Amino acid sequence: MTEPSSPVLSSLPSSALPSTPSTLSLDLIVTCADGLEAPLQTELTSFGITSEIKSTGRLSVIGTLRDLYTICLWSRVASRVLMLIKRKNINTEYDVAEQLYGLAKSVNWTEQFNLEQTFAIRLSVDKRVAVSQQFAMLRIKDAIADTFNEAFDSRPNVDSKNPDFAIFATVNDKQAELYLDLSGTSLHRRGYRVAMTEAPLKENLAAALLYSAGWHQRNKDNTPVYNALIDPMCGSGTFIIEALLMHCDYAVGIDKAAHQFGFYAWGHHDETLWQAMIDEAQTRFREALAIAVEQPDTLPLILGFDADHGAIIATEKNLIAAGLQDLLPLLDIETRALDKLSQTLQSMVKDGRLSNPLVITNPPYGERLGDEDFIRPLYQAVGLVLQDSFAGSGINPMLGILAANVEQVDILPIKEPQTLRCHNGAITVYFRYGRLIAGQTDNLVSRFEKREIDSAEAQDFINRLQKNLTRLRKQANKESVSNLRVYDADLPDFKVAIDLYGDYVHVQEYAPPKTIPPETAKKRFNLALMGIREVLDVNREQVFIKTRARQSGNEQYSKQGGSEKRGKFYVAREDDAYFYVNFTDYLDTGLFIDHRNMRMRIKANSRGKSVLNLFAYTCTASVHTALAGAKKVTSVDLSQNYLDWGKQNFVLNGLDINQRKYEFVAADIFEWIKDNTEQFDIIFIDPPTFSNSKKFQGTFDVQRDHAALINRAMNRLTTDGVLYFSNNFTRFELDEQLTERYNVTDITHQTIGFDFNVKKPIHQSFEIRHL
């Protein structure tokens with residue numbers, strides 16, 4: 001086997017070494033964490049250093065001594081800088097350990113260091129090579145010791161913890177290489193991490209992701225490309241600190257300059273050049289920091305929020321430890337949950353303070369949030385909050401977000417997204433980044449335009465549907481309503497209910513009477529579907545169909561078809577809240593649109609109040625009260641599945657379900673009210689007409705049992721509180737004893753929406769207070 005030539009400084013005899021350090025040509029390998037090769041190359045390019053990605057975690061650089069010092073002093077992404085000493089082809093059919101001994105023995109180690117200096121060996125072995133790693137390292141050490149023994153009859157000592165020289169060897173199935181570790185300790189370590197939160201972000205990873213998103217870029221006038229950085233879940237502030245250090249020209253290697261770099265004991269180290277570069281770096285940081293403090297307009301707007309106050313304290317401590325305490329008064333670092341972000345950003349957009357922001361964050365993708373079922377809603381919430389914040393502004397911020405699974409970031413509304421697979425410690429993570437897609441401000445009802453549609457067999461239905469939409473569109477736009485009923489069996493031959501949910505159509509076919517032949521009913525229903533698609537200009541994927549028959553027991557809450565697999569969740573917006581709706585699995589979608597006005601009524605009165613939602617279903621009313629600033633929200637339902645759906649609705653709106661003020665209780669309503677002694681300012685009860693229950697002869701009947709239910713609930717109502725009671729039983733009559741015992745007001749007409757017939761109310765509602 002022939003040994004390839006290698007233009008490396010260390011293999012040259014001392015007499016052949018260049019006379020001045022500036023002419024040295026070093027064959028370097030710059031390492032980084034897996035997945036960060038492209039960001040590291042971007043960084044090196046910004047230093048004026050040309051590199052080539054050789055393999056996972058390894059970039060090749062042919063550079064000068066100044067380039068070496070630049071990487072060690074300035075790189076925020078690199079892990080180590082290794083200088084090639086020698087390489088050799090190997091044959092794995094022979095003794096690999098002895099071939100490594102021969103490679104090491106061919107180097108004149110007496111030219112690299114002396115007897116008084118210590119050394120250590122590290123070895124990386126490819127899994128395809130059958131060799132004992134410990135024995136192979138021992139043979140390399142033996143070769144170095146033999147070289148010194150032959151020259152001086154003595155050998156230097158091994159110091160595995162703090163060696164003067166760290167020698168790094170690699171071997172794969174084709175080649176072995178020897179390197180000198182000139183960086184010494186890992187370059188990724190920073191000195192500012194004095195306070196941490198759970199699952200902290202690695203500093204070098206944060207810097208790499210900032211490079212990927214272009215935070216380092218400048219305009220032609222040398223102003224930053226981004227005028228703001230926003231981290232809505234900042235944790236201990238790693239993104240914020242790395243971004244500020246980058247902006248303020250801080251050389252992260254200064255943290256280690258007083259300690260042992262690998263090149264300090266190296267015979268070719270130029271102390272004069274090194275010290276001059278350190279002095280220059282310190283001056284650049286002081287001057288950049290002074291400019292930022294004295295001219296705040298030159299500093300990008302920095303917004304760091306977190307729902308956990310402890311995280312904000314940790315961020316401030318780390319900022320001080322990073323030497324950025326003078327910037328603290330200029331930064332907006334606040335305890336704020338995601339649900340409060342939109343109003344903050346909207347105000348800043350209106351003031352022109354967010355012309356081109358970078359939104360970058362590391363959400364609690366399982367380490368802090370806990371249950372995986374709530375991770376997808378969290379990521380969807382981030383996208384929705386940002387779309388709301390910048391809607392209509394013409395601003396499409398750059399969004400970068402980390403996730404433990406690539407499916408989690410697939411939900412993000414990003415145009416031409418790019419994905420970087422990397423690692424945060426031992427966790428594989430995915431960084432998705434790109435420009436935010438602007439949020440939609442229209443929906444099916446707002447886009448509707450009446451047009452000529454000819455259909456001999458369905459003309460009456462088409463005309464009626466267009467007439468309804470024309471009448472409803474103006475009011476829907478005025479009240480910003482996108483979920484509404486547009487047709488409800490208006491014509492005897494077309495017995496369907498049509499509800500719009502944003503861009504989707506939910507069609508319910510009422511079971512025809514036995515006097516109508518099945519083929520006739522089927523034909524009419526198909527004609528109605530055709531008319532719906534024509535009138536609303538929708539495709540088949542936007543229309544969902546169900547048959548609604550009279551239900552008994554809990555059937556309306558049971559899976560349609562009996563399948564345990566959950567169908568797709570779609571997002572519906574109501575006022576400033578978002579809800580998951582399911583058009584396929586259950587008879588109802590998860591959002592009762594006929595109670596829209598009732599939810600708005602409760603919301604308007606809930607700020608600073610304690611709210612109890614009984615028969616909470618998917619917790620839609622609870623979400624509204626939480627967004628309105630309720631002091632406490634308790635949701636009780638017998639079904640844990642629906643409560644979990646409700647929790648997802650909370651997370652979808654950026655509400656932190658781990659806060660104590662949000663409580664979700666799976667229990668029998670009557671048992672829970674009897675045992676609970678807490679008092680509430682607002683109680684909302686919207687029971688089913690009929691269902692199974694542990695009490696009341698094994699069933700619950702709203703007409704029979706509502707008085708007992710309300711009496712028990714009134715025991716939990718504060719003296720000046722209000723109980724809202726509603727139900728959909730068409731022949732319901734309120735028990736007269738309730739009107740004698742309490743102050744009862746019928747508010748049915750006030751809670752019937754403009755899309756329902758107030759003369760034939762779909763529900764009855766009452767406001768009940770203590771006398």
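Colleague: Which residues are linked with D126 in a network of salt bridges?
Modeller: This is a predicted model. A search of the whole structure finds 35 salt bridges. Some of them form a network, in which D126 is linked with R128, D173 and K174.

Colleague: Which strands hold D181 and R122, and how many residues apart in sequence are the parts they tie together?
Modeller: D181 forms a salt bridge with R122, with the closest N and O atoms 3.4 Å apart. D181 belongs to strand 7 and R122 to strand 5, so the pair ties together parts whose separation in sequence is 59 residues.

Colleague: Is D181 buried or exposed?
Modeller: Buried means under 20% relative accessible area. The value for D181 is 1%, which makes this residue buried.

Colleague: Where does E449 lie, given that its partner R473 is in helix 13?
Modeller: E449 and R473 form a salt bridge, the closest N and O atoms being 3.5 Å apart. The pair ties together parts 24 residues apart in sequence, because R473 is in helix 13 while E449 lies in the loop between helix 12 and helix 13.

Colleague: Which helix holds both E671 and K674?
Modeller: These two residues form a salt bridge, with 3.6 Å between the closest N and O atoms. They are three residues apart, about one turn of the helix, and both lie in helix 18.

Colleague: Which element gives the most to the lining of the second largest pocket?
Modeller: The second largest pocket has a volume of about 1100 Å³. Among the 36 residues lining this pocket, L384 is one of the closest to its centre. Helix 10, helix 13 and strand 19 each supply at least two lining residues. The most, six residues, come from helix 10.

Methods: Residues numbered from 1 in each chain as written. Predicted model: local features only at pLDDT ≥ 70, side-chain atom pairs only at ≥ 80, totals over all residues. Heavy atoms only, no water. 1 Å grid on protein atoms, 1.4 Å probe; cavity = no way out; pocket = protein on both sides within 12 Å on 5 of 7 lines; lining within 4 Å. Points joined across faces, edges and corners; volume = space filled by probe spheres on them. Helix = DSSP H or I, 4+ residues; strand = E, 2+ residues; numbered from the N terminus. Salt bridge = Lys/Arg side-chain N within 4 Å of Asp/Glu carboxyl O. Buried < 20%, exposed > 50% of the residue type's maximum accessible area, 1.4 Å probe, protein only.
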